[in-house]
Amino acid sequence: MNKKYRVINWIFYELFVGLGIALCTKAGFGLSMIAAPPYILHVWLRDYFPWYTQGTSEYVWEAVVLLVTCLIIRKFSPKYLLSFLAAVITGFIIDGWLFLLGGNAVYAGMPARVLSFAAGLIVCALGVAFIFRSNLPAQTYELSVKEIAARFGIPSAKVKQYFDITMLVISVVLDLLLLHKFTGTGIGTVIATLVNSTIINIWLKVIDKIERTPASESNPEK
């Protein structure tokens, strides 16, 4: 893949993942196990620290994940900072989308909530598919899985499975411990866990087909 496609894919990744998280937030059915912890911390702290937005919480949480990863693998590389930079950009994009959508308050009507959640899942999966087709820095979640797998010689798929389970447990514990109810997690979290991989794989096939299509085929009039 040429450099142009890598850069475009990374930009789309940032835009679509941020939009997907914002839409799922507006739906109020719970976020994915990856997005739930920073959202829960945001809800818990926003009354005390108005500046602690959902986007801010996103990159603060990813900094914690990166620190724990470094402790586990007993290694730090300056390139890790690029993944954290990607997280900061995502945080600003999440806040930007939420601003355009009228804040992170849940939509009032059930049809709007269902539509927002479905659109959020699809758009977020598209963003993840784009980063899979880019060699540019992703967020620290992907970095953590990759580095832990390499450090201990464990297949990435298995590390990702354990990582997701760990994040799910953390999300549930934070919800019950800090908010005393299921706010960041819910039926949406379950649905996202079940269908995300399938939607991402569908998008990967679409992206590969588009990027392999020569310009002459995509525009027959030329």
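Biologist: Ala, Val, Leu, Ile, Met, Phe, Trp, Tyr, Cys and Pro count as nonpolar, Asp, Glu, Lys and Arg as charged, and the others, Gly among them, as polar. How does the lining of the second largest pocket split by class?

Modeller: It has 13 nonpolar and three polar residues, with no charged ones. The model is predicted: local features need pLDDT of at least 70, side-chain atom pairs 80 or more, while totals for chains, interfaces and linings use all residues. Numbering starts from 1 along each chain, and side-chain values use heavy atoms, without hydrogens or water.

Biologist: What counts as a pocket?

Modeller: An open set of points on a 1 Å grid over the protein atoms alone, where a 1.4 Å probe fits, with protein on both sides within 12 Å along at least five of seven lines; lining residues have an atom within 4 Å of a point.

Biologist: Which residues lie nearest the centre of the second one?

Modeller: Val 68, Ile 72, Ile 148, Phe 163 and Thr 166, out of 16 lining residues. H3, H6 and H7 each supply at least two of the lining; helices are DSSP runs (H or I, at least four residues).

Biologist: Now the largest pocket. How much space is in there?

Modeller: About 1,300 Å³. Val 128, Phe 132, Tyr 141, Glu 142 and Lys 160 are closest to its centre, among 42 lining residues.

Biologist: And its lining by class?

Modeller: 24 nonpolar, eleven polar and seven charged.

Biologist: Which helix gives the most?

Modeller: H7, with eight residues. H7 spans 156–179. Helices supplying at least two residues also include H1 (3–27), H4 (80–100) and H8 (187–212).

Definitions and conventions: Points joined across faces, edges and corners; volume = space filled by probe spheres on them.
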